[in-house]
Amino acid sequence: DFDAALQQALGSAGAKLLRRAIAGGPPVAFVGGWVRDALRGVPSGDVDLATADPDAFVARLRAAGSRKSVCLDAVRRTWRVVLPGGLFVDVSGLKGRDLEEDLHARDLTLNAIAWVPGRGLVDPLGGAEDLSAGRLRLASPTAIDDDPLRAVRVVRFAVLLGLEPDEGLRRLLRDADLGRVAGERIQGEVARILLAPEAPRGVALLADCGLLGVLPPCDPERFARALSVDWSAPPLARVLRHARAEPNGELGLRLGWLLRPGAVAPLLWQRRWPRKIAQRADVVANAADLPAAVDDPERAARLTGWSCDAAFALCGLAPDGGPQAVAPYLRLLDEAAGYRNPRDLPVPPLPRPLLAAGAIQRRLGEGPQVGEALRELLRQQLLGALTTPEEAHEWLESR
């Protein structure tokens, strides 16, 4: 029942406004994930519409009473229109001369299904039957060549829908040339896989299809182990609250659990991951560097001076040691946070670096090695391994 699904997604007022804009105007099709999820009986708030003249339809939405509209892509004429209640729909132009050609240009058959009010379901590729049978099929033989990112998207949909790509499709995924795809687009798809309820299966499928190369060296076994830990144990639940209070904290945790120790942050930056997420993942992946001398008051103060980093480091220790691994440090973290709700804590500023970038550049010369050395120096400083400019100079000479 698409009408009921529409009202569920947009609310009574939003659905009524949308129907007013559609009535008597040029044909408009509901496309993409919302149609797929409506067929599955799963609620979805991502309502996408396609029409031959998106600008004209957005104008009809304004006349019907939409709150505001924003052009997301001036070339493809893609709009986001806010409806009553703050919910929104996305309106885009057809990819081709008509709706059927638009559907043939999509990634998978189960995403190439449309619903046109007054006309019904438009499914030229048999996507509804594939969805019912649990099959993953490309919408066209050239779908991945046309956009190699679709290889990662196939894995995401396999995880999201609980489907298994057959061997023929896996071979096509292994041949995908992801070097042609912008890093920001790749990281967006990988992030959604890592945050999925069945994320370990998604990582295993990426590995099997030769797609884990989009990330620095990984440890899928540790990732699965981290997600199987009983995080409800009181020591772990408390430290997890500190880390999850950080924006994108869950993503930083999962990425750090997946990656092997080493220079994680610079490698993620090269792949266009946001800086804060990369830094948090680096702390989690390299948690074994957490100082063991918790009885040293000066070192403990330095460790907990940035309580958010300490929380991520403790979460990095937990997959291999459980509650016992974090217990010695938890008291220090709680003291650093003043026993307050971590959501109320501002993130403290980083300490002043022991060496300026200019001093490092005079020693190492110009180039990316300066930034790498500066970041590693700061990490050593946060861990308490370096405490004075003299020690920092000696560390730099040893490189």
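Predicted model: local features only at pLDDT ≥ 70, side-chain atom pairs only at ≥ 80, totals over all residues.
1. Residues are numbered from 1 along each chain as its sequence is written, and side-chain values use heavy atoms, with hydrogens and water left out.

2. The overall picture: the protein has 20 helices and seven strands, taken as DSSP runs numbered from the N terminus (helices are H or I, at least four residues; strands are E, at least two). Of its 399 residues, 50% are buried, meaning under 20% relative accessible area, with exposed being over 50% and partly exposed in between (1.4 Å probe, protein chains only).

3. Now the sheet. Seven strands make an open, mixed sheet, running β3-β4-β5-β2-β1-β6-β7; two strands pair if DSSP finds at least two bridges between them. At the edges sit β3 (68-73) and β7 (120-122), each pairing on one side only. From one strand to the next, the twist averages 30°.

4. Helix α2 (residues 33-40) touches β1, β2 (47-51), β6 and β7, and its direction makes about 65° with that of β1. Helix α3 (residues 54-64) touches β1, β2, β3, β4 (78-82) and β5 (88-93), and its direction makes about 155° with that of β5. Contact means heavy atoms within 4.5 Å; axes are lines fitted to C-alpha atoms, for helices over the stretch in contact, and angles run from 0 to 180 degrees between N-to-C directions.

5. Gln187 counts as buried because its relative accessibility is 14%. Setting aside neighbours within four places in sequence, Gln187 is in contact with Arg272, Trp273 and Pro274.

6. Last stop: Asn286, in the loop between α15 (275-285) and α16 (297-304). Asn286 has 10% relative accessibility, so this residue counts as buried too. A polar atom of its side chain lies 2.9 Å from the backbone nitrogen of Gly262, and the side chain of Asn286 also reaches the backbone oxygen of Asp282 at 3.0 Å.

Note on methods. Polar contact = N/O pair within 3.5 Å; in protein donor to acceptor, adjacent residues only side chain to side chain.
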